[in-house]
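Here is a structure to walk through together. Take a moment to look it over, and then we can go through some questions.

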Amino acid sequence: MLDVKSGDESSFDFLLTKYRLPLVNFLYRMVRDRATAEDLAQDVFLRVYRARKQYVPRAKFTTWLFRIATNVALNSVRDNRRQKLEVSLDAPRSADEDSHPRDLPAEEMRIDEHLLERHRVELIQRAIASLPEKQRAAVLLHKYEEMDYAEIAKILNCTEAALRSLLFRAYENLRVQLGPLVNPPALQRAGERRPS
Amino acid sequence: MKCEKVSQELVAYVDGRLDPGVRNEVEEHLAECAACQVRAQEFRGVFSLLDELPAMEPSLPFDARVRQRIAAEPRRSWLAWFVPQARLAFAAVLLVVLAVWVGKRPANNSAHAPTPATPAASEQDFNAIKNLGVLENYDVVTKMDALAQLVPTADQKPQKQRPDQNESND
């Protein structure tokens, strides 16, 4: 990043190549939409480029990068939630909607129905998506980016003790939601259904 | 170690990031507490489930789009070094305008104010200076009424000059 700061454009290509995969995946798991994740990842790289002159290496580059990414993702999730709320409150109900009950969100479907539909991955994705945003970001940074607690705490702007509590609550939520997949008998049945 | 404390350390224990000392304490508790043992086991299950999530490859034009957006960013030329920030520039311009305005104010006022030094007064001064050899002693000068009228003292000067001036103008 210091090379980029000094005006070396090729170093930015190196950063792009190195971090696009973890960044796009992190954002995809945060927002659960491929196109949005890619748009947000572009925004993150653009912000990095714009801030190159002001960059001061106080912490690891990845901490800085994922702090930007987390803020971008959280803003997007909140904006999206607000838009959905506005649509659901403002949209007039059509005659068709009145005649048929609305479909419940898939999160509320029974977990064995998911197993029957062999949507194991989908179920895991939904479990992650159902976490509150900050818990979700903490799990993704901890599990997929394999960051240490101090780094994640800096990204999420909290203390390490608060992060430990946050991670515990997040994994506890996942444990409850993914219970049938986690428990050995269910795991065994799911394993039998999975293609080899 | 109690269950509540173990809960806080369980994530770090399962992913193997716990300090050896704390790890031993957690393991001692797990050996005695079946509930925490099950929870630790289920956390391991959650960890391995999360590993099943496939990674997403960015689309092919992703890099090109990023480069395109960066290329569209306005470039700062070397001339930009001379251009200060907008607020700073505004403040500087304001300061210059204020300085010019303040600088011009006394000049305008003096144009309307009466001039103390008129050509007649200057002539009086000139005559006084010309006769300075005779008027060496100031006390003598001030005691001589005729001369005192002719050569005004510094205090009387502005008051006496005006009637003289008027006379000369007449």
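Q: What is the mean pLDDT of chain B?
A: This is a predicted model, where local features need pLDDT of at least 70, side-chain atom pairs count only at pLDDT 80 or more, and totals for chains, interfaces and linings use all residues. Residues are numbered from 1 along each chain as its sequence is written, with chains lettered from A and ligands numbered from 1 in the order in which they are written. pLDDT is the predictor's confidence in each residue, from 0 to 100. In chain B, 58% of residues reach 70 or more, and the mean is 74.

Q: Over which residues of chain B is the pLDDT below 50?
A: Contact here means C-beta atoms, placed from the backbone, within 7 Å. The stretch has 10 contacts in the model beyond near neighbours in sequence, and it covers residues 160-170.

Q: Which element gives the largest share of the side of chain A that touches chain B?
A: Here 27 residues of chain A are in contact with 24 of chain B. Helices are DSSP runs (H or I, at least four residues), numbered from the N terminus. Seven residues come from the largest contributor, H10(A).

Terms used: Contact = placed C-beta atoms within 7 Å. Helix = DSSP H or I, 4+ residues; strand = E, 2+ residues; numbered from the N terminus.
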